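Let's take a friendly walk through a protein model together. Have the sequence and the 3D view ready as you read.

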Amino acid sequence: MRNTPNPALRSLFVFSWFILLPALLALGSVPVILALSSGDGTGALAFVRGLVEEQRVPAVIVFFTIYEMALYSLKERLPGAKWAGFLGPDGLPRELRAEFEQAGVLLEESRRILAKYRAAVERNVPAPARQELRDALDALDATMLAVPVDPESFREDYDRASSLAQRQLGRWQKSDLREYSESLIVALLVAALLRVLVVEAFKIPSGSMLPTLQIQDHIFVNKAAYGPTLPFSKTRMWRGMPPKRGDVIVFEYPDPDPNPRTDYIKRVIALPGDTLLVEGGHPILNGWPVPHCSAGYYEFEETSGVTKRGDLDVEFLGDYSYLTFFEENSSKVTEGPYSVAPGEVWVLGDARNNSSDSRRWNHGLGGGAPFANIKGRALFVWLSFDRQGAVTWDRLLTQVMGRPKLPKVASPTVVAAIERCLAQRPSKTLP
């Protein structure tokens with residue numbers, strides 16, 4: 001831009017229209033697309049919906065890029081554009097605004113090319129032609145700085161500079177299509193890199209981690225928590241960061257039959273070398289009962305409409321305090337003892353009577369989750385829906401391994417009991 005807008009106003013304008021609004025629109029687009037029905041589940045709509053459902057974080061980044069580019073193309077019509085300097089200098093006719101901005105881009109891009117590709121330009125463009133181009137660019141610059149801008153002189157100088165730049169520097173210039181394509185490709189690459197190495201989104205499909213995680217919670221998982229893996233492999237770049245007792249982890253199901261390549265989410269209870277015994281859903285590590293505190297009777301309605309009732313406990317393991325649920329009328333059996341082998345962890349679901357976890361694997365003999373299968377540690381809930389498909393706002397930003405939290409529909413009596421248990425946290429929480 002050839003004027004000098006207030007930096008604070010320009011920053012506020014850019015943040016509001018080109019960062020905040022595209023981000024909100026992108027986050028809102030995902031649940032809208034997922035809510036769309038595609039009839040028999042075939043066709044383009046079903047394909048897009050499937051992509052968005054499986055790759056939510058990349059989808060948000062791509063949507064953000066598209067919205068940001070669309071808004072930027074309309075920047076002159078957005079409220080606040082004048083104070084942000086997007087309307088050119090004072091007195092510039094409306095019909096010249098777009099050309100004035102394009103002229104500014106032409107000057108910046110041409111001078112960038114002349115500096116960046118200096119050797120190549122000198123080899124391929126004769127010296128007289130280079131000088132003619134520089135003179136045209138300087139003349140355009142001077143015309144744009146004039147107060148007021150003379151429209152006739154500006155158009156004449158702009159046309160001449162644009163024509164010479166295209167003729168002499170065309171091979172190094174980028175077309176609009178190329179600019180947009182590169183932006184989308186960069187957004188996709190960044191999204192893919194983030195997903196592989198840093199953070200990935202997962203959806204909670206079942207109630208095995210109730211009440212810590214609700215069905216239809218969408219969470220982010222820290223993929224670097226136990227050391228990042230090499231792309232498209234299970235090889236970790238370093239191995240000195242094993243899971244801790246109490247961590248909530250996402251991992252690939254270790255038993256190839258009957259659920260190959262399925263992602264599970266459970267809580268780490270036992271580490272290599274431990275002996276695990278489970279009595280009535282309560283873990284005993286190396287002969288030491290994991291401490292727990294009764295929070296009373298709890299009932300809730302699953303997304304299927306089925307009401308679950310049972311006993312709610314606060315369990316204490318390592319640095320964590322978390323909720324466990326024991327469904328009524330479930331058998332209170334003793335399971336184990338199990339020995340945890342090197343290179344694996346044994347996991348339990350927080351819904352102790354409704355979880356396919358280490359106790360159930362290996363055809364009922366029990367089994368661990370290998371370190372190589374662990375994808376990362378759960379972070380927080382970034383989106384959640386109730387049984388009717390509405391957003392459950394009280395779940396947003398809930399820390400998975402933070403302070404135990406029940407949905408708003410929980411009775412005050414149960415909430416008060418949880419607080420009482422937390423206030424009485426035992427001093428010894430590790431075997």
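What follows is a short tour of a sheet, a disulfide, some aromatic rings and a surface patch.

Please keep in mind that this is a predicted model.

**The sheet**

Let's begin with the strands. Strands of a sheet pair through backbone hydrogen bonds, either parallel or antiparallel. Here, seven strands make up an open sheet in the order 1-2-14-3-4-12-13, and the pairing is antiparallel. Its edges are strand 1 (199-203) and strand 13 (369-370), each of which pairs on one side only. Further in, strand 4 (residues 263-270) and strand 12 (residues 344-348) run antiparallel and are joined by three bridges. You can look for Val268, whose bridge partner in strand 12 is Val347.

**The disulfide**

How many disulfides does a search of the whole structure find? The search finds one. A disulfide is a covalent bond between the sulfur atoms of two cysteines. In this model the two are Cys293 and Cys421, with sulfur atoms 2.1 Å apart. This pair links distant parts of the chain, since Cys293 sits in strand 8 (residues 292-301) and Cys421 in helix 9 (residues 412-423), 128 residues apart. The link of Cys293 and Cys421 is left-handed, with -70° about the S-S bond.

Are these cysteines buried or exposed? Buried means under 20% relative accessible area. Cys293 has 13% relative accessibility, so it counts as buried, and Cys421, at 0%, counts as buried too.

**Aromatic rings**

A pair of aromatic rings is described by the distance of the centres and the angle of the planes. The model has 15 aromatic pairs, and two of them are set out here.

| Pair | Centre to centre | Angle of planes | Type |
|---|---|---|---|
| Phe13 and Phe18 | 5.7 Å | 85° | edge-to-face |
| Phe251 and Tyr264 | 6.1 Å | 55° | tilted |

Both Phe13 and Phe18 are buried. As for the other pair, Phe251 lies in strand 3 (residues 248-252) and Tyr264 in strand 4, so their contact ties together parts 13 residues apart in sequence. Phe251 counts as buried because its relative accessibility is 0%, and Tyr264 counts as buried at 14%. Phe251 and Tyr264 also belong to one aromatic cluster with Tyr253 and Trp361.

**A patch on the surface**

Finally, turn to the outside. Phe15, Ile19, Leu20 and Leu24 form a nonpolar surface patch, with about 360 Å² of accessible area together. One of them, Leu20, is found in helix 1 (residues 7-35). Leu20 is partly exposed, because its relative accessible area is 40%.

Key
Residues are numbered from 1 along each chain as its sequence is written. This is a predicted model: local features need pLDDT of at least 70, side-chain atom pairs count only at pLDDT 80 or more; totals for chains, interfaces and linings use all residues. Side-chain values use heavy atoms; hydrogens and water are left out. Patches are made of residues with over 30% relative accessible area and no salt bridge: like charges are joined within 9 Å, nonpolar side chains (Val, Leu, Ile, Met, Phe, Trp, Tyr) within 5 Å. Accessible areas come from the Shrake-Rupley method with a 1.4 Å probe; for residues, only the protein chains shown count as cover. A salt bridge is a side-chain nitrogen of Lys or Arg within 4 Å of a carboxyl oxygen of Asp or Glu. Helices (H or I, at least four residues) and strands (E, at least two) are DSSP runs, numbered from the N terminus. Buried means under 20% relative accessible area, exposed over 50%, partly exposed in between (1.4 Å probe, protein chains only). Two strands pair if DSSP finds at least two bridges between them. A disulfide is a pair of cysteine sulfur atoms within 2.5 Å. Rings of Phe, Tyr and Trp (its six-membered ring) pair if their centres lie within 6.5 Å; planes under 30 degrees apart count as stacked, over 60 as edge-to-face and the rest as tilted.
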